[in-house]
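Here is a short briefing on one protein chain. Look over the sequence and the fold, then read on.

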Amino acid sequence: MDRRTFLLGAAAATLMPAIARAAFTDYTPGAIQSALSAGQTVFVDYSATWCGTCARQERVISALRQQNPAYNSAMTFIKVDWDTYRTHEVTTSRNIPRRSTLLVLRGDAELGRLVAGTSEAQIKALMDLGL
């Protein structure tokens, strides 16, 4: 491998987490409720930057969204930082047990939840609930 190929590959690998994360809106207080009130279906990802399970989930979610753009049209994707919001109302009111919890919400209903699941089949099944 030549030096240019190596450097381009290293730069791309460094940017991948930022690119994948950009596909989510970072949570701010009221963001989920505002989206739900506007009639949107919301996919919520409770995660931490240091969490290996969360990183795996994010890779699977990103791949599924690339494979099926209908997810992007049907849902608003919001990432809740576990380290910042673990004791906040956005977490406690929904009885979120831990980071690496994924939810699909519509209106006043929770359509589905996945806790620490990382298989493509599990995450796809959850995302399909939002279509």
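How many bridges join β4 to strand β5? Six do, and the two strands run antiparallel. This is a predicted model: local features need pLDDT of at least 70, side-chain atom pairs count only at pLDDT 80 or more, and totals for chains, interfaces and linings use all residues. Residues are numbered from 1 along each chain as its sequence is written, and side-chain values use heavy atoms, with hydrogens and water left out.

- β4 (101-106) and β5 (residues 109-115) form a hairpin with two residues between them.
- Strands here are DSSP E runs of at least two residues, helices H or I runs of at least four, both numbered from the N terminus; strands pair if DSSP finds at least two bridges between them.
- Gly107, in the turn, has a positive phi of about 60 degrees.
- Leu103 has Arg113 of β5 as its bridge partner.

**Nonpolar cores**
- A nonpolar core is a set of buried Ala, Val, Leu, Ile, Met, Phe, Trp, Tyr and Cys residues joined through side-chain atoms within 4.5 Å.
- Buried means under 20% relative accessible area, with a 1.4 Å probe and protein chains only.
- The largest core has 18 residues; Tyr27, Ile32, Val42, Val44, Tyr46, Val80 and Val90 touch the most other members.
- α2, β2, β3, α5 and β4 each supply at least two of its residues.
- Another core, of 14 residues, lies apart from it and includes Val60, Leu64, Phe77 and Leu126.

**Helix α7**
- Ile123, Leu126 and Met127 are the buried residues of α7 (residues 120-128).
- They fall within an arc of 95 degrees seen down the helix axis, so they line one face; the arc is taken over directions from the axis to the C-beta atoms.
- These buried residues pack against β2, α3, α4, β3, β4 and β5, contact being heavy atoms within 4.5 Å.

Conventions
Buried means under 20% relative accessible area, exposed over 50%, partly exposed in between (1.4 Å probe, protein chains only).
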